Amino acid sequence: MKMSEFMQNCTACGGNWGAMLLSGIKRVFPDKYKKVEEHYNSMDFSHGGIEPFVYLCDWLNENGIVED
């Protein structure tokens with residue numbers, strides 16, 4: 001699936017990109033959502049929280065979401 005298609009499954013979350021991507025994961029990958037959410041929420045959000053966001057982007061790529 002292309003990223004633009006995936007993003008159509010996401011809900012805007014007040015500028016919180018992580019929460020927005022998680023909303024899409026919940027819709028597209030409901031069987032994997034809980035594990036991804038738990039890992040994401042267990043990560044260190046210091047220094048701007050980039051590492052948790054990178055985790056979500058990498059996870060999406062590893063699960064078949066590709067750039068347009």
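A crossing is left-handed if the near helix is turned anticlockwise from the far one by less than a right angle, and right-handed if clockwise. This is a predicted model, in which local features need pLDDT of at least 70 and side-chain atom pairs count only at pLDDT 80 or more, while totals for chains, interfaces and linings use all residues. Residues are numbered from 1 along each chain as its sequence is written, and side-chain values use heavy atoms, with hydrogens and water left out.

**H2 and H3**
- Helix H2 (residues 17–28) packs with helix H3 (residues 33–42) at an angle of about 165°, the axes lying 9 Å apart (axes are lines fitted to C-alpha atoms, for helices over the stretch in contact, and angles run from 0 to 180 degrees between N-to-C directions).
- That makes H2 roughly antiparallel to H3, a term for angles over 145 degrees, and H2 passes H3 in a right-handed crossing.
- In the contact (heavy atoms within 4.5 Å), Gly 18, Ala 19, Leu 22, Ile 25 and Lys 26 of H2 meet Tyr 33, Val 36, Glu 37 and Tyr 40 of H3.
- The residues of this contact of H2 with H3 divide into six nonpolar, one polar and two charged (Ala, Val, Leu, Ile, Met, Phe, Trp, Tyr, Cys and Pro count as nonpolar, Asp, Glu, Lys and Arg as charged, and the others, Gly among them, as polar).

**H3 and H4**
- The axes of H3 and helix H4 (residues 50–62) come within 9 Å and cross at roughly 155°, and the two helices H3 and H4 are therefore roughly antiparallel to each other.
- The crossing of H3 and H4 is right-handed, and the contact is made by Val 36, His 39 and Tyr 40 of H3 with Pro 52, Phe 53, Tyr 55, Leu 56 and Trp 59 of H4.

Conventions
Helix = DSSP H or I, 4+ residues; strand = E, 2+ residues; numbered from the N terminus. Parallel < 35°, antiparallel > 145°, perpendicular 65-115°, else oblique.
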